[in-house]
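User: I am new to reading structures, and I would like to go through this one step by step. Could you take my questions one at a time and show how each answer is reached?

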Amino acid sequence: MFGYILRRGLGAVLILLVVSAVTFLLFYALPADPARLSCGKTCTPQSLAQIRHSMGLDRPLPVQYWQFLHGVFAGRHFDTVWCAAPCLGYSFVNQQSVSSTLADRFPATLSLAAGASVLILTVGVGFGILAALRRGRALDKQLTAVALVGASMQVYFLGIVARYLLVDQLDLLPQPGYTGITSDPGKWFGGMLLPWITLAVVSAATYVRFTRSAMIEAESQEYVRTARAQGLPPRVVHLRYAWRAALTLVLTQFGLDLGVFLGSAVITETTFNIHGIAQLAVTSVTNLDLPMITGTVLVAATFIVVCNTAVDFCYALIDPRVRL
Amino acid sequence: MVTSVYDGYDSDNSDNGYDNTGSHEGEEATVRPLLAVEDLAVRFDTEGGTVQAVNGLSFSLRRGRTLAVVGESGSGKSATGLAILGLHDRRRARISGRVEFDGVDLAGLQERGLAAYRGSRIAMVFQDALTALSPYHTIERQLTDAYRRRTGASRRAARTRAVEMLARVGIPDPVRRVAEYPHEFSGGMRQRVMIAMALMGEPDLVIADEPTTALDVTVQAQILDLLAGLQAESDLALLLITHDLGVVSGVAHDMLVMYAGRGVEQGPAAEVLAAPEHPYTRGLLRSVPTLHGDPDADLTPIAGSPPDLLDPPPGCAFHPRCDQRERVGGDRCATEVPAFVPLGDPERMRACHLPSGALEALEGSVIR
Ligand SMILES: Nc1ncnc2c1ncn2[C@@H]1O[C@H](COP(=O)(O)OP(=O)(O)OP(=O)(O)O)[C@@H](O)[C@H]1O
Ligand code: SF4
Ligand SMILES: [Mg+2]
């Protein structure tokens, strides 16, 4: 177990190193001159050289990368300023520390993802199991139909309509938006409610269908028949024996979807006016704010790597044949 | 020699007569079989049409006896075993006929009613214990789940019983092993676990569907010995599904040969093996090596392949492969379904147009 965690941890670090190197190369080795970008409109050759030197751009690329890494793990000097680890540099646009900006923005994205996941998994998986158990009957057909409608919705469409109806007109839900969970938990929850529900409606639908078919497939396992042959009641047969096999499939799907979720976070955050990592990434790209872009890419990659490691870990918990 | 007799339960068939010289105590039990299957049919509705997996099958089985059901792959053996306990997917399979167990027609029961029989009075042992046991649950959980629900036993008591059953089927160090998962057992040990699972509820009838097919030869023999021992010890009725005639001669009292979903020959195992009365049975015997026979003797597999059950041949389903049909007049074999009827001795049943005794006894055909 401990060895497994160590191996996975090292693997994750390695993946992140590769990701960082690639991002670093892409943005620093491309023709766009970071110093030029940072220099502003009235840029004299002297100040350009000055900036180039202070950014370390006059050094060879490997040295620059080394300094970058050094900054991440142990901090570094930018000219006379000490940038403490994890140092990802300073924004070209507003000279803010990249890491503190990320620390500022990430919780919003994380709140979105975590809350929506909980809803999607409980609602989607719950109804999926229900549909599978009532296969072919009225409830199954209704659930499948609702799931189909939900799955054909888009976050931006549903989000805007729901916001207009439920928030602006009927005043059933508070305005969406992000408040730090530590500063005001009630407000945090209220502000996230609409985004969570919208995301859940759109994605839970997929999980209803997916869980349903995973369950139906699991039902054909021979050991499910063995459980029936032992005289166990249907509830136990389905929820204890069949469900275990379906769970593995659902978990695999969820692991994949976490990445997709991050990809679609831009739309979600824009729709609900939540200043998360994805919005930050978009503005950084628009502004060619290279340190900020590198920072958001690394955070996103870390998020996915951590999630996938967690999913693998869950596999081992579910399936005793998976050795850690 | 006492055997189960087709249709023997019906009182109007009592003129078939029963031999009471068997070891079984009590006349009542000999008159009334534990299990009487009558005119069982299992049909699967598939996209290609209706598969007639079992087609009017009848047999009976008494306590303390082992009935082997043999036949090639696809002859409907498993479909029969599953139908007895109502384990077919009700959405896909249509079952008709009677499955009378201890006076109750199981074929008429719903899931809830069947649950009272499953595991407690009738237990199943499946072919491949690796897939038939859940990979996600410990042996303890799988052995005790149904038992606890049924008896209300405490976890401790149930575990103690599971350990006892594992010990009974010859699993070393059962106290430790009960906490393990199926994949931590060898194939033979896993099959023993399946048998232990079947014993948890002290069943009257055990249906074992090819319990040794997935195992290598030495282990096969051990498992068969175990089953035969338990059968004798607990006065079980054992329905042993197999396509291995060696298994039959080793442990079965009676045998029923199936072809294309029907019974074609039935009788005391030793008699059928020594003097088969049906060309198909004889063909099966000729296609397996014998222990005291000539090891170099040519094995002749039955020509052709089992029929397509979506579109079975008319008349005798075996006729396209039968080497005896010329001996039957006209094309009766291809047009008229032979009735499954007693051959003088009510214990010996057969479905063939040939006159009885037409097939010469096969020399050294008994395996082992
Ligand atoms: N669920 C099902 N749906 C459709 N057809 C089925 C189903 N189960 C069995 N069959 C068909 O019914 C026939 C009898 O199958 P069965 O499993 O009883 O054969 P068997 O005698 O047990 O053969 P084997 O020795 O291969 O186990 C076969 O033709 C099989 O293809
Ligand atoms: S009825 Fe005819 S075809 Fe069928 S087994 Fe007998 S001889 Fe062969
Ligand atoms: Mg079978």
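Predicted model: local features only at pLDDT ≥ 70, side-chain atom pairs only at ≥ 80, totals over all residues.

User: Which residues does B:Glu72 touch, not counting residues up to four places away in sequence?

Analyst: B:Glu72 sits in the loop between strand E3 (66-70) and H2 of chain B. Its side chain makes a polar contact of 2.9 Å with the side chain of B:Arg321. When residues up to four places away in sequence are left out, the residues that B:Glu72 touches are B:Lys77, B:Tyr259, B:Tyr280, B:Leu284, B:Pro306 and B:Arg321.

User: Which element gives the most to the shell around ligand 1?

Analyst: The shell to consider has 15 residues, and the closest to ligand 1 are B:Ser73, B:Gly74, B:Lys77, B:Ser78 and B:Ala79. In chain B, strand E1 (35-46), strand E2 (49-61) and helix H2 (77-84) each supply at least two residues of this shell. The element that gives the most, with 3 residues, is H2(B).

User: How much of the area that ligand 1 exposes when taken alone does the protein bury?

Analyst: Several polar atoms of chain B lie beside oxygen atoms of ligand 1: a backbone N or O atom of B:Gly76 is 3.0 Å from one, and a polar backbone atom of B:Lys77 is 2.9 Å from one. From a side chain, a polar atom of B:Glu210 lies 3.2 Å from an oxygen atom of ligand 1. Taken alone, ligand 1 exposes 630 Å², and the share of this that the protein buries is 67%.

User: How many charged residues are in the shell around ligand 2?

Analyst: For ligand 1, the shell divides into 5 nonpolar, 6 polar and 4 charged residues. The residues surrounding ligand 2 include B:His278, B:Cys316, B:His319, B:Cys322, B:Cys333, B:Cys352 and B:His353. By class, the shell around ligand 2 has 9 nonpolar and 3 polar residues, and the number of charged residues is none.

User: What pattern does chain A follow when read along the sequence?

Analyst: The C-alpha atoms of chain A fill a box of roughly 85 × 55 × 35 Å, taken along the principal axes. Chain A has 12 helices and 2 strands. Read along the sequence, the pattern that chain A follows is α-α-α-α-β-β-α-α-α-α-α-α-α-α.

Methods:
Residues numbered from 1 in each chain as written. Chains lettered and ligands numbered in written order. Heavy atoms only, no water. Near = heavy atom within 4 Å. Polar contact = N/O pair within 3.5 Å; in protein donor to acceptor, adjacent residues only side chain to side chain. Areas by Shrake-Rupley, 256 points an atom, 1.4 Å probe, with all protein chains shown as cover. Helix = DSSP H or I, 4+ residues; strand = E, 2+ residues; numbered from the N terminus. Nonpolar A, V, L, I, M, F, W, Y, C, P; charged D, E, K, R; others polar. Contact = heavy atoms within 4.5 Å.
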